[in-house]
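Please read the following walk through the structure with the model open beside the text.

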Amino acid sequence: MPNTKSVLLVDDSKFARLLVKAFISSNFANWEIDEAEDGAKALEMVDAKTYDYMLVDFNMPGMDGIELGEKLRSRFPGAVIALLTANIQQEIQNKAENLGLDFIAKPPTEDKIRDYIMSREATR
């Protein structure tokens, strides 16, 4: 039986979602990958489905990634949630860390995304 996991990508950039989705699909062929363009849509989607991984952009309209990450963390205390952002200010990284969110600096690369997921899989 294949090791199937589910991933929710939350980013207002369609290009960023497509890029990260391609990186994950090429390395983890049987994984299910869903996309949301903002925090409100992401919260709707987690009502209907449980995700193993949630990769969340910081800069989004309406609700930023820290606010969304805080809501997701309170609902899914054991989930793997990462803030994926070009905003690499230490303050943002500290906020993410305090919420128990991982931090992945943009731009996303195939190596960066694959290595992150493989490292998290090794500890699960």
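In this predicted model, the largest nonpolar core has 24 residues, and those touching the most other members are Leu8, Val10, Val46, Met54, Leu68 and Leu72. At least two residues of this core come from each of strand S1 (6-10), helix H2 (39-48), S3, helix H3 (65-75), S4 and helix H4 (90-98). The most is given by H2, which supplies four residues. Apart from this core lies another, made up of 17 residues, with Val7, Leu9, Ile33 and Val80 among them. In general terms, nonpolar side chains tend to be buried together in soluble globular proteins.

With neighbours within four places in sequence left aside, leucine 68 is in contact with Val10, Gly39, Ala42, Leu43, Val56, Met60 and Met63.

Strand S3 (residues 53-57) and strand S4 (residues 80-85) run parallel and are joined by five bridges.

Aspartate 57 belongs to strand S3. Its relative accessibility is 5%, so aspartate 57 counts as buried, the limit being under 20%. Not counting residues up to four places away in sequence, aspartate 57 touches Val10, Asp11, Asp12, Gly65, Leu83, Leu84, Thr85 and Lys106. With lysine 106 there is also a polar contact of 3.3 Å between the side chains. Glutamate 67 is ten residues from aspartate 57 in sequence, and the two are 11 Å apart in space from C-alpha to C-alpha.

Threonine 85, one of the residues that aspartate 57 touches, is located in strand S4. Threonine 85 is buried, and its relative accessible area is 0%. Its contacts, leaving aside neighbours within four places in sequence, are Asp57, Phe58, Asn59, Phe103, Ile104, Ala105 and Lys106. A polar atom of the threonine 85 side chain also lies 2.9 Å from the backbone nitrogen of asparagine 87.

The peptide bond from lysine 106 to proline 107 is cis, with omega near 10 degrees. Proline 107 is placed in the loop between S5 and helix H5 (110-122).

The aromatic residues remain. The structure holds two aromatic pairs. In the pair of tryptophan 31 and tyrosine 53, the ring centres are 5.6 Å apart and the planes are at 20 degrees; the pair is therefore stacked, as planes under 30 degrees apart count as stacked. Tryptophan 31 is in the loop between helix H1 (14-27) and S2, while tyrosine 53 is in strand S3, so the pair ties together parts 22 residues apart in sequence. Tryptophan 31 and tyrosine 53 are both buried. Together with Phe28, Trp31 and Tyr53 form one aromatic cluster.

Technical notes:
Residues numbered from 1 in each chain as written. Predicted model: local features only at pLDDT ≥ 70, side-chain atom pairs only at ≥ 80, totals over all residues. Heavy atoms only, no water. Pairing = 2+ DSSP bridges. Core = buried A, V, L, I, M, F, W, Y, C linked by side-chain atoms within 4.5 Å. Buried < 20%, exposed > 50% of the residue type's maximum accessible area, 1.4 Å probe, protein only. Contact = heavy atoms within 4.5 Å. Polar contact = N/O pair within 3.5 Å; in protein donor to acceptor, adjacent residues only side chain to side chain. Phe/Tyr/Trp six-rings, centres within 6.5 Å; stacked < 30°, edge-to-face > 60°.
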